[in-house]
Amino acid sequence: MNTQVSGGHAAVIAFAAPSSRRSLLRLYWLIALLAMVLASAVHAQTSPGADEPRKALRICRDPNNLPFQNAKGEGFEDKIAQLFADELKLPLQAYDYPARFNFVRNTLRFKLPGDDYPCDLIMDLPVGFGGGVNVTSPYYRSTFAMVFSKSKSLAGITSIEQFLALPQEKLAKLKIGVIDKSPAADWLAKRGLIDLGVPYQALVADPEKNSGQIIEQDLIAGKIDAVIIWGPIAGYYARRYPDAQLLVLPMQSEKNVKFDFEIAMGVRYGEKAWKQTIEDLIAKNQSKIDAILTEYGVPLVAAPASGDASPGDRK
């Protein structure tokens with residue numbers, strides 16, 4: 001073999017005789033393969049595999065997002081998580097991170113070298129969500145809703161049809177809160193009422209704020225006459241403030257405007273057994289889940305008959 005080895009391992013391979021070079025290449029390939037095997041073993045020790053027993057039910061949680069979750073465990077997703085933990089006979093743990101800041105990437109999929117993932121289950125994702133998450137079967141279906149006070153500018157209105165039948169001069173004076181880029185804006189525009197809309201940001205950078213404050217701070221105070229918002233938020237805050245006499249009218253999907261969505265949970269890809277465990281828990285406890293949702297005022301919408309599409313899915 002040529003003795004020019006001053007360049008390190010690469011130089012040894014480059015100047016070796018053919019037979020020696022093949023031996024060295026084979027040796028380096030085996031070393032690389034061994035390193036991969038060892039890395040996999042370390043990962044298996046630091047991150048529970050899909051089929052390994054879990055020591056806790058660890059949820060990814062927004063600490064300020066009622067009625068869904070909060071740091072005190074007061075949301076309906078917290079209650080459902082506790083139900084699952086009890087079924088699994090595991091303690092419930094939560095990793096808190098504001099949902100508006102790349103929530104999936106910074107919770108379920110976040111992992112530093114040598115560390116475990118901080119949580120194993122996202123409690124609410126719409127069916128069909130991408131983002132590198134394996135979505136479970138749905139556990140409820142809800143819809144957007146219009147909320148307003150029964151004792152103020154819309155007194156006497158008890159249906160969406162009655163709202164739309166109001167005289168044009170009265171409609172023109174109303175202020176309707178809508179979440180930016182939500183189906184509510186499309187619904188108003190379709191009826192020539194877009195000028196009634198008062199836009200609110202879907203995601204606010206301040207983690208101390210959430211969408212429910214539109215009802216708490218603006219609707220109840222009379223700054224707006226109504227708001228069209230995700231139904232679970234509408235139902236919860238209407239119950240939370242009974243003195244405000246808020247009426248919740250669920251919106252119905254129609255052609256080109258989809259208001260109702262199925263909500264599921266999310267796990268990491270590759271954790272097939274864990275996903276199946278969650279789906280089994282959903283199926284086994286569906287009646288208890290429904291009871292929790294009803295307690296929080298969530299408007300529940302029946303799924304379309306098999307083979308039918310929600311009106312909002314039809315173009």
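**Close-up 1. Arg54 and Asp120, a buried pair.** Both Arg54 and Asp120 are buried (under 20% relative accessible area; exposed is over 50%, partly exposed in between, with a 1.4 Å probe and protein chains only). This is a predicted model, where local features need pLDDT of at least 70 and side-chain atom pairs count only at pLDDT 80 or more, while totals for chains, interfaces and linings use all residues. Residues are numbered from 1 along each chain as its sequence is written, and side-chain values use heavy atoms, leaving out hydrogens and water. Arg54 and Asp120 form a salt bridge, with their closest N and O atoms 3.4 Å apart; the term stands for a side-chain nitrogen of Lys or Arg within 4 Å of a carboxyl oxygen of Asp or Glu. The two sit 66 residues apart, Arg54 in the loop between helix 2 (18–46) and strand 1 (57–61), Asp120 in the loop between helix 4 (103–106) and strand 5 (121–126). Helices (H or I, at least four residues) and strands (E, at least two) are DSSP runs, numbered from the N terminus.

**Close-up 2. A network of salt bridges.** Arg54 and Asp120 turn up again here, linked with Arg58, Asp116, Arg268 and Glu271 in a network of salt bridges. The whole structure holds 15 salt bridges.

**Close-up 3. Helix 3 meets helix 10.** Helix 3 and helix 10 (residues 272–284) pack at about 105 degrees, their axes 11 Å apart. Axes are lines fitted to C-alpha atoms, for helices over the stretch in contact, and angles run from 0 to 180 degrees between N-to-C directions. That angle is why the two helices count as roughly perpendicular (65 to 115 degrees). Phe84, Glu87 and Leu88 of helix 3 touch Trp274, Thr277, Ile278, Leu281, Ile282 and Lys284 of helix 10, where contact means heavy atoms within 4.5 Å.

**Close-up 4. Glu87 and Lys284, a bridge between helices.** Glu87 in helix 3 and Lys284 in helix 10 are 197 residues apart in the chain, yet their side chains meet in a salt bridge (2.9 Å, N to O). Glu87 is partly exposed, at 25% relative accessibility, and Lys284 is exposed, at 60%.

**Close-up 5. Helix 3 meets helix 11.** The axes of helix 3 (residues 76–88) and helix 11 (residues 286–295) come within 9 Å and cross at roughly 155 degrees. So helix 3 runs roughly antiparallel (over 145 degrees) to helix 11. Phe76, Lys79, Ile80, Leu83, Phe84 and Glu87 in helix 3 meet Lys288, Ile289, Ile292 and Leu293 in helix 11.

Methods. Angles under 35 degrees count as roughly parallel, over 145 as roughly antiparallel, 65 to 115 as roughly perpendicular and the rest as oblique.
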